[in-house]
Amino acid sequence: MNDYYLKIGNASDLKNPKERAIFRFFEILPGLLSWGTLITIVVLSWLKPVWMAIFIIAFVVYWFFRAIYFYFHLRSSYRKMRINEKIDWLEKLNKLKLNRSPLLIKAWQDIYHLVILPIYKEPFILLQDTLTNLKLANYPKEKMIVVLSAEERARQHLDPIVNQVKEEFSQSFFKFLITWHPANLKGEIPGHGSNDAWGAKVAKKLVIDTLKIPYENIIVSSFDVDTCVFPDYFSCLTYYYLKSKKPTRTSFQPIPLYINNIWQAPALSRTFAFSSTFWQMMCQERPEKLLTFSSHAMSFKAMVDVGFKQTNVISDDSRIFWQCFFKYDGDYRVQPIFYPLAMDANVAQTFWRTIINIYKQQRRWAWGVGEIAFFLFGALKNRKIPFSKKFSRAFDLFEGHWSWANASIIIFCLGWLPLILGGVEFSQTIISYNLPRAVSFILTFSMLGIVGSAYFSILLLPPKPLHYGRSKYFIFFIQWFFLPLIMIFFSALPALDAQTRWILGKYMGFWPTEKVRK
């Protein structure tokens, strides 16, 4: 099978010793670059302090202008999202002419939506909110297939929840399936991706193939179980799907707003929730670099073509994109739709538990650095993709994960090392005098970016619960000034943790984020 590499989870999955060694080197490479960078900065701050001082000033200036660049992307994305929220997408669908559509359909009503909701140990109220919002969506329910894919290993916890859900929602959609993902399946990592794949396969067998629904007429939305759709999500998604030049070779990415429980979340959790949202909003402005993340949508045909989501990986959301990218010889893209979905911020039963969970969630997201090895190996195997496209994608992957693990540490910690390690000779130079002043000035001016983040976070808040006073808004604003410390300890360190585990071959299992509504 020529495309066997599409199912590789890590180096140990390869039987050929030479291929296994190559893949293993690719797994080590990102962490090697990150640790190599940090060690080199320390050593050169001692041996070549002038060089390092110049580098640090240039690096801080570069990130300052990069922050400005991202701010304009954030503002543009926010404006487009608000415009799209006000559009009557169902009306636009009714006016849409399909005579030039690449899909052989007569009307938009031929499009079905398959919604997959993997569930593990989440509470009933969370699932109830999700399904209620699906039920209230402005899209014909006779065209919606909802799959609740429950984990067999949590059956004791899930049985009463599933029974409640079945009683309340089983008649609300065209088809409502409840599946049980078996435990301990060979070659699987138990988690979101394997559960999602199981639900999709069951839906294919019991509904789609039985009713002979064309695969290209089905849009799959792979949701986290806390995902609450805004009213026109499915209508908006259908419009973008039908307007796409190659709908079956395109994934569709909404904007995740982590606001379902934002008012009850502690400050640290809120900061990360909005930071994640802002990053995704900025990425929507750069579609050539965009990857699928969290809740997203794609053609069922593409999902079937690549053999469904991969069951032996943790970062399944981005992996399904790379699978399609190589399956279609680079002819696959992600379309931003500038329309929001609401999800939960990371909240646990206690503050300290929330702190631990934030670190673990960041490390799980950073585990996606393993996609670099998958991409590089796939780039070697697939000779049909142009080198320029491979190089561009490889650079984006390396730069993104390198920056994640290194940038904040360099800016906020290592920037002062030449002054500490440079010795007496360096301390008498002009650049030693100007280094702290230049860095401090730029970082102080960069605080304007934090003010901008605070402003947009206030704009994205849902209505304030009555039992909170106006002072809560002030707390929401002040929390952003702790961002530098947060970026070091709860972003860069988890990323380095993940990359180090790849270096050592300490492969992680899937860690499900605890979902708590207070």
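Arg 249 has a relative accessibility of 32%, which makes it partly exposed (buried is under 20% relative accessible area, exposed is over 50%, and partly exposed is in between, using a 1.4 Å probe and protein chains only). The model is predicted, so to speak of a local feature takes a pLDDT of at least 70, and side-chain atom pairs count only at pLDDT 80 or more, while totals for chains, interfaces and linings use all residues. Residues are numbered from 1 along each chain as its sequence is written, and side-chain values use heavy atoms, with hydrogens and water left out.

Arg 249 has a charged partner: Asp 331 forms a salt bridge with Arg 249, their closest N and O atoms being 3.1 Å apart (a side-chain nitrogen of Lys or Arg within 4 Å of a carboxyl oxygen of Asp or Glu). Asp 331 sits in the loop between α10 (316–327) and β8, and Arg 249 in the loop between α7 and β6 (250–257), so the pair ties together parts that are 82 residues apart in sequence (helices are DSSP runs of H or I with at least four residues, strands are runs of E with at least two, and both are numbered from the N terminus). Asp 331 is partly exposed too, at 26% relative accessible area. The structure holds 23 salt bridges.

In α3 (residues 89–95), Lys 95 and Glu 91 are four residues apart, so about one helical turn separates them. Their salt bridge brings N and O to 3.1 Å. Lys 95 is exposed at 62%, whereas Glu 91 is partly exposed at 38%. The pattern comes back in α5 (residues 155–169), where Asp 159 and Arg 155 are also four residues apart and meet in a salt bridge of 3.6 Å, N to O. Here Asp 159 is partly exposed at 29%, and Arg 155 is partly exposed at 31%.

Of the 19 lining residues, Arg 249, Thr 250, Tyr 332, Arg 333 and Val 334 are the closest to its centre. Helix α7 (233–243), strand β8 (333–342) and helix α13 (387–412) each supply at least two lining residues. As for α7 itself, 10 of its 11 residues are buried, so the rest of the structure largely encloses it.

Next comes Arg 364, found in helix α11 (residues 351–366). Among the residues it touches are Ile 314, Phe 510, Trp 511 and Thr 513 (contact means heavy atoms within 4.5 Å; residues up to four places away in sequence are not counted). With Thr 513, the side chain of Arg 364 makes a polar contact of 3.1 Å (a pair of N or O atoms within 3.5 Å; within protein, one must be able to donate a hydrogen and the other to accept it, and residues adjacent in sequence count only if both atoms are side-chain atoms).

Finally, Glu 514 lies in the segment after α18 (483–504) and is partly exposed at 29%. Its side chain is joined to that of Asn 357 by a polar contact of 3.0 Å, and Glu 514 also touches Asn 346, Val 347 and Arg 353, among others.

Definitions and conventions
On a 1 Å grid over the protein atoms alone, a cavity is a set of points where a 1.4 Å probe fits but cannot get out, and a pocket is an open set with protein on both sides within 12 Å along at least five of seven lines; lining residues have an atom within 4 Å of a point.
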